Amino acid sequence: MKTLLYSIHRKACKLMLAAAALLPVTSCDTVWDNDDDCPIETEYRVKFEYDYNMLHADAFASQVHSVILYAFDADGKLVLQQTEQGDALADPNYTMALDVNPGNYQLIAWAGLQDGDAFTVPQLTEGVSTLNELTCRINRYPYTLHGEQVDSVGYLQPLWHGSADTRTASRAGRAELITVPLVKNTNTLRIILQQIAAGPVDASQFEFTVTDENGLMLHDNSLDPNDGALTYMPYYQAQGSADIEGTASEDQLNMAVAELSIGRLMADSDVRLTISNRQTGETVLSIPLIDYLELCKTVANYDMPLQEYLDREDTYTMTFFLDTNNAWINTQVIINNWIVRYNDITPEI
């Protein structure tokens with residue numbers, strides 16, 4: 001009997017030792033209070049998310065083709081900068097590794113910078129550069145507009161900004177996911193000048209411009225108003241016509257079309273859309289753009305704050321009507337298929 005009990009005791013001890021040997025490996029996949037008990041380090045990964053749009057759906061994988069991530073420590077010093085671009089970002093499950101020590105960090109992302117040459121960010125040095133040095137500036141070029149020199153801007157490739165505050169803890173064996181939400185900082189403005197049965201509209205007669213002071217974006221995505229005014233110019237301008245269905249063939253819609261890229265629009269900024277005669281400089285129309293876009297917001301999105309609307313929406317189509325003398329018929333304007341009549345707004349000319 002003594003021999004049998006000894007044998008059982010030995011087998012039980014071996015099983016307990018085997019279980020103890022397996023316990024750290026199993027526990028490393030959960031949570032450890034004592035970091036020294038588990039040799040596996042925590043893996044931190046960053047997921048970028050762009051659902052701050054009018055569809056409220058994550059469009060990061062389909063729209064963003066490059067991203068630069070910066071990590072700043074609690075003292076505001078840059079500790080990490082890394083880039084990804086190309087097909088990897090098209091994977092809906094894409095995440096970026098964040099190789100930092102445990103601590104408090106502020107993550108800043110600029111997405112889309114490497115898809116064109118419209119923006120400039122400073123060269124930063126890890127361990128030296130600070131958070132306040134991280135800016136993004138719209139490139140501008142001198143242009144003579146009606147005899148005056150302006151800083152002009154043409155096509156802007158799409159640009160996004162993102163930020164997140166995070167604390168990376170030393171919790172061995174865990175894979176921690178940090179989400180960085182993105183806000184789109186560029187907009188497309190499509191302008192249509194429309195006439196009815198007055199002959200073709202000569203698009204070359206018109207100068208389309210948008211002026212704003214939004215050319216320098218800071219690390220928190222606010223704008224530096226001291227950077228000066230920018231004059232956004234069309235990257236596309238054309239003319240055309242279309243028959244009016246159900247009428248005689250000579251009845252046509254004659255149009256001039258222009259497309260412009262614009263930087264981030266702010267609810268409290270004085271952004272002005274101006275259309276003028278290229279030869280004489282005479283103003284065809286000049287309107288406060290934000291006031292007009294707000295009318296469209298109140299029709300379609302009553303409860304949405306104006307700034308949220310301007311950040312979520314990235315394309316605006318505005319149709320203005322001209323008489324036979326190319327003068328603006330200021331009775332209504334169509335914005336993103338919404339008809340705004342001037343009993344709702346007092347037009348500024």
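Buried here means under 20% relative accessible area, and by that cut-off 44% of the 349 residues in this predicted chain are buried.

**View 1. The whole chain, as a starting point for the close-ups.**
Welcome to the predicted model, whose chain holds 4 helices and 22 strands. Among contacts with a separation of 6 or more, 67% join residues 24 or more positions apart. The accessible surface comes to about 18,200 Å², and carbon and sulfur atoms own 50% of that area. Mean pLDDT is 85 for the chain, with 81% of the residues at 70 or more. Where pLDDT is low, the predicted coordinates should not be read in detail.

**View 2. Thr 186, in the loop between strands S11 and S12.**
Strand S11 covers 175–184 and strand S12 covers 187–196, with Thr 186 placed in the loop between them. Thr 186 counts as buried because its relative accessibility is 6%. Its side chain reaches the backbone nitrogen of Leu 159 at 3.2 Å. Leaving aside residues up to four places away in sequence, Thr 186 touches Phe 119, Leu 156, Gln 157, Pro 158, Leu 159, Ile 262 and Asp 314.

**View 3. Thr 95 and its partner Arg 45.**
Look for Thr 95 in the loop between strand S3 (78–85) and strand S4 (96–97). With a relative accessible area of 19%, Thr 95 is buried, since the cut-off is under 20%. The side chains of Thr 95 and Arg 45 are joined by a polar contact of 2.6 Å. Not counting residues up to four places away in sequence, Thr 95 touches Arg 45, Val 46, Lys 47 and Leu 177. Arg 45 also meets Glu 43 in a salt bridge between side chains, at 3.1 Å from N to O. Arg 45 is partly exposed at 23% relative accessibility, and Glu 43 is partly exposed at 41%.

**View 4. Asp 227 and Arg 137, a salt bridge across the sequence.**
The closest N and O atoms of Asp 227 and Arg 137 are 3.2 Å apart. This pair links distant parts of the chain, 90 residues apart: Asp 227 lies in the loop between strand S14 (216–217) and S15, and Arg 137 in strand S7 (residues 136–138). Asp 227 counts as buried at 18%, whereas Arg 137 is partly exposed at 35%. A network of salt bridges links Arg 137, Arg 140 and Asp 227.

**View 5. Arg 278 and Glu 207, another charged pair.**
Here a salt bridge brings the closest N and O atoms to 3.3 Å. The partners sit in distant parts of the chain, 71 residues apart, with Arg 278 in the loop between strand S18 (272–277) and strand S19 (283–288) and Glu 207 in strand S13 (residues 206–212). Arg 278 is partly exposed at 32% relative accessibility, while Glu 207 is buried at 5%. The count for the model comes to 8 salt bridges.

**View 6. Ile 335, a buried residue in strand S21.**
Strand S21 spans residues 332–335 and includes Ile 335. Ile 335 is buried because its relative accessible area is 0%. Beyond four places in sequence, Ile 335 touches Tyr 292, Leu 293, Cys 296, Thr 317, Met 318 and Val 340. Ile 335 and Leu 293 are 42 residues apart in sequence, yet their C-alpha atoms are 7.5 Å apart in space.

Definitions and conventions
Residues numbered from 1 in each chain as written. Predicted model: local features only at pLDDT ≥ 70, side-chain atom pairs only at ≥ 80, totals over all residues. Heavy atoms only, no water. Helix = DSSP H or I, 4+ residues; strand = E, 2+ residues; numbered from the N terminus. Buried < 20%, exposed > 50% of the residue type's maximum accessible area, 1.4 Å probe, protein only. Polar contact = N/O pair within 3.5 Å; in protein donor to acceptor, adjacent residues only side chain to side chain. Contact = heavy atoms within 4.5 Å. pLDDT = per-residue confidence, 0-100. Areas by Shrake-Rupley, 256 points an atom, 1.4 Å probe, with all protein chains shown as cover. Salt bridge = Lys/Arg side-chain N within 4 Å of Asp/Glu carboxyl O.
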